[in-house]
Every structure is written in structure tokens, then in C-alpha cells.
Amino acid sequence: MAGSLRKSSKRRAMADINVVPYIDVMLVLLVIFMVTAPMVNPGVVNLPTVGGAKVQTLPPVFLTIDANENVIVRKDGDPVQTLNKLELGAFARSQAEKSAEQPVVLAADKSIKYEVVMDVMSKLKENGVKRVGLAVKSQ
């Protein structure tokens with residue numbers, strides 16, 4: 001009898017965790033999420049409306065840079081004068097003296113280099129024009 005007790009004591013209880021079923025479950029969940037993710041529609045965002053926006057008191061002055069890099073001043077859609085790069089600083093100073101809050105909108109030909117547009121914008125800012133915007137064509 002003593003011998004039979006020794007044989008049963010050689011078998012020990014296994015204390016390891018079998019992780020294979022957990023990996024299988026995670027792979028199944030991954031496949032489920034990958035299949036259902038494209039079917040979920042993104043939420044619609046309701047943007048707030050602005051009711052108290054200020055009305056523009058001064059109409060903007062439009063500067064157009066044509067394909068020859070000439071700056072054309074337009075007021076009410078009509079060309080007023082054509083400026084070169086030297087005259088642009090004096091024009092900007094005169095606009096800043098009239099009204100510091102006078103907006104200037106800059107429109108450039110599609111073929112103009114970005115550098116030319118940035119030079120005109122920096123000239124306007126250096127000479128006191130505070131509000132400079134860019135005009136684009138809507139599709």
C-alpha cells in the first residue's frame with residue numbers, strides 16, 4: 001500500500017494557463033471589428049450659426065496680381081491704378097493712414113509664383129496694413 005501512494009504522488013496538478021483559446025477569441029473579435037467598421041457611418045456634425053457677426057463697415061480694397069506681376073488696385077470692381085513693386089509700399093502706407101482697419105483682399109493669377117504673392121503680402125504688412133486676405137475662386 002505504501003507503494004501505491006508513491007505512484008499517485010508523482011502526478012502533480014498543472015498550474016499553467018492555456019492562452020490559445022484567448023488568442024482565438026481575440027482573432028475572431030478582430031475579424032468582426034474589421035468587417036463592421038466600414039459599415040458604420042460617421043456622425044453628422046451640426047455646426048453652430050453666428051447671429052452676431054459684425055457687418056463690414058469699410059468695403060475691402062482689392063489688389064490683383066496679373067500674369068506679368070503687375071499689381072492692379074480695384075475699388076468696386078473697377079481698376080483704379082496699376083502699381084509696380086516700388087509704388088506698392090507708398091500705396092500701403094496711404095491705405096494705412098486712411099484707415100488702419102481697411103481690409104485689403106489680394107487676388108493673384110494662377111500662374112504667379114507663390115513667392116511674388118508673399119512679397120506683396122509682406123510689403124502690405126510692413127507698411128501698416130493690418131487686415132490682408134486672399135481671394136479664391138469657388139468651384
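This report walks through a predicted model of one protein chain.

## The whole chain

The chain has 139 residues. Its secondary structure comes to four helices and five strands. Read from the N terminus, the elements run α-α-β-β-β-α-β-α-β.

Of the residues in the chain, 19% count as buried. The exposed surface comes to about 11,700 Å². Carbon and sulfur atoms supply 60% of that surface. Residues 24 or more positions apart account for 62% of them.

## The annotated stretch

An unreviewed UniProt entry carries the annotation "transmembrane region" for residues 21-40. In the model, this stretch is 80% helix and 0% strand.

Two packed helices are described by the angle between their axes and the distance between the axes. Here the pair is helix α3, residues 85-98, and helix α4, residues 114-126. Their axes come within 8 Å. They cross at roughly 35°, and the crossing is right-handed.

Which residues of α3 and α4 meet? From α3 come Lys85, Leu88, Gly89 and Ala92. From α4 come Val120, Lys123 and Leu124. Sorted by kind, the residues of this contact are four nonpolar, one polar and two charged.

Most residues other than glycine have a negative phi. Glu69 is not a glycine, yet its phi is positive, at about 65°. Glu69 sits in the loop between β1 (61-65) and β2 (71-75).

Is Glu69 buried or partly exposed? Its relative accessibility is 36%, so Glu69 counts as partly exposed. Leaving out residues up to four places away in sequence, Glu69 touches Lys85, Ile112 and Val116. Lys85 also takes part in the contact between α3 and α4. Glu69 and Ala108 are 39 residues apart along the chain. Their C-alpha atoms are separated by 8.8 Å.

## Ile72, in a strand

Ile72 belongs to strand β2. Why does Ile72 count as buried? Its relative accessible area is 15%. Buried means under 20%, so Ile72 qualifies.

What does Ile72 contact, leaving aside neighbours within four places in sequence? The partners are Phe62, Leu63, Thr64, Asp66, Pro79, Gln81 and Thr82. Leu106 is 34 residues from Ile72 along the chain, and their C-alpha atoms are separated by 9.9 Å.

## Gln102, in a loop

Where does Gln102 lie? Gln102 is in the loop between α3 and β4 (104-108). Its relative accessible area is 12%, so Gln102 is buried under the 20% cut-off.

Residues up to four places away in sequence are again left out of its contacts. Gln102 then touches Leu58, Pro59, Pro60 and Val61, among others. Its list also includes Gln95, Val129 and Arg131.

Conventions:
Residues numbered from 1 in each chain as written. Predicted model: local features only at pLDDT ≥ 70, side-chain atom pairs only at ≥ 80, totals over all residues. Heavy atoms only, no water. Helix = DSSP H or I, 4+ residues; strand = E, 2+ residues; numbered from the N terminus. Buried < 20%, exposed > 50% of the residue type's maximum accessible area, 1.4 Å probe, protein only. Axes fitted to C-alpha atoms, helices over the stretch in contact; angles between N-to-C directions. Left-handed = near helix turned anticlockwise from the far one by under 90°. Contact = heavy atoms within 4.5 Å. Nonpolar A, V, L, I, M, F, W, Y, C, P; charged D, E, K, R; others polar. Areas by Shrake-Rupley, 256 points an atom, 1.4 Å probe, with all protein chains shown as cover. UniProt positions renumbered as here; feature names shortened; annotations may be inferred.
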